[in-house]
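Please read them beside the sequence and the model.

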Amino acid sequence: PAVARENNCLNAAKACNLNDTCKKYRSAYISPCTSRVSSAEVCNKRKCHKALRQFFDKVPPKHSYGMLYCSCPVSDQSACSERRRQTIVPVCSYEEKQKPNCLELQASCKTNYICRSRLADFFVNCQPEPRSLSGCLKENYADCLLSYSGIVGTVMTPNYLRSAKISVSPFCDCNNSGNNKDECDKLTEFFTENTCLRNAIQAFGNGTDVGVWQPMSPV
Amino acid sequence: ISVQTRGCLLKEVHLNVTDLRLGYQTKEELIFRYCSGPCVEAETNYDKILNNLTHNKKLDRDTPSRTCCRPIAFDDDLSFLDDNNAYHTLKKHSARKCACV
């Protein structure tokens with residue numbers, strides 16, 4: 001179909017800057033996430049994460065999700081998708097000099113109460129279930145999106161990968177997993193190959209978030 | 001400073017960031033707020049004297065500024081992503097509160 005080549009991620013950014021609350025909290029995280037603190041560090045990661053958590057805590061989902069879950073055409077690997085990838089300022093909030101092992105990263109998350117509880121929420125609310133029409137065990141996309149945005153600003157901060165389909169991952173891999181390779185693969189696949197999360201993100205992007213999977217109530 | 005003047009008001013205009021002509025290449029937009037309006041009501045004896053002295057040419061070629069409608073507080077910072085995927089943050093770029101000063 002002749003879909004206009006609209007950049008939904010750009011439109012969401014425009015809408016954010018025209019809203020006083022969204023504009024304020026957007027620049028409140030972009031500033032610390034883009035300010036170099038020393039020749040060795042591109043930013044103060046702790047401050048960047050804190051401001052990112054504030055953004056998702058304070059800004060209404062219409063605007064914050066609009067930017068985080070904006071939909072891009074499958075063919076697009078540039079303007080729209082790259083802007084979506086840049087939403088969380090990955091150079092500061094996401095990337096590290098070295099990729100840690102995902103199980104090690106999870107262990108360090110569990111030492112922090114915010115990270116531990118938010119990661120637990122994410123595992124519960126985005127649990128995939130192939131037999132359900134929504135793809136989710138808990139058939140509630142809104143809860144899954146909320147828990148995913150909740151781990152942005154923790155050490156497990158996930159981001160979109162540069163791939164044709166929607167796939168996200170924290171900044172880690174399963175090298176050096178030893179005996180725990182299977183456990184580590186299961187952890188990463190919960191992010192990268194999660195049908196529930198993918199459907200929730202797509203449903204938000206297409207504006208079909210509500211009512212598509214819920215059983216019809218008897219008339 | 002006299003905040004309660006009727007003439008000097010906060011106004012706003014919806015612009016593209018490129019309209020600001022600050023050299024940024026981006027498709028993002030903003031609301032720019034500025035102060036505008038007359039400040040005659042707020043003038044003091046000082047302003048009247050300046051007016052008279054400039055007319056009488058008593059101040060050589062000096063023309064000191066009289067009461068102006070200016071921002072006394074600025075809006076929150078504005079951030080945007082440019083066409084090369086670099087972020088920029090503008091500070092003190094837009095007015096929040098106006099007064100005759």
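1. In this predicted model, helix H1 (residues 8-17) of chain A and helix H5 (residues 79-86) of chain A have axes that come within 7 Å and cross at roughly 50 degrees. Axes are lines fitted to C-alpha atoms, for helices over the stretch in contact, with angles from 0 to 180 degrees between N-to-C directions. H1(A) and H5(A) are therefore oblique to each other (under 35 degrees is roughly parallel, over 145 roughly antiparallel, 65 to 115 roughly perpendicular, and the rest oblique). Helices (H or I, at least four residues) and strands (E, at least two) are DSSP runs numbered from the N terminus.

2. On the H1(A) side, Asn8(A), Cys9(A), Leu10(A) and Ala13(A) meet Cys80(A), Arg83(A) and Arg84(A) of H5(A), contact meaning heavy atoms within 4.5 Å. By class, this contact has four nonpolar, one polar and two charged residues. Ala, Val, Leu, Ile, Met, Phe, Trp, Tyr, Cys and Pro count as nonpolar, Asp, Glu, Lys and Arg as charged, and the others, Gly among them, as polar.

3. Between the chains, 18 residues of chain A are in contact with 19 residues of chain B. About 1600 Å² is buried between them, 53% of it from carbon and sulfur atoms; buried area is the accessible area (1.4 Å probe) that two parts lose on being put together, summed over both. Asn17(A), Leu18(A) and Lys23(A) supply 30% of the area that chain A buries against chain B, more than any other three residues.

4. The rule finds five salt bridges across the interface of chain A and chain B, each a side-chain nitrogen of Lys or Arg within 4 Å of a carboxyl oxygen of Asp or Glu. One salt bridge joins the side chains of Arg33(B) and Asp20(A) (3.4 Å, N to O). Another joins Lys14(A) and Glu29(B) (3.4 Å, N to O). That pair crosses from helix H1 of chain A to strand E2 (residues 29-36) of chain B.

5. Residues are numbered from 1 along each chain as written, and chains are lettered from A in the order written. Local features need pLDDT of at least 70, side-chain atom pairs count only at pLDDT 80 or more, and totals for chains, interfaces and linings use all residues, while side-chain values use heavy atoms, without hydrogens and water.
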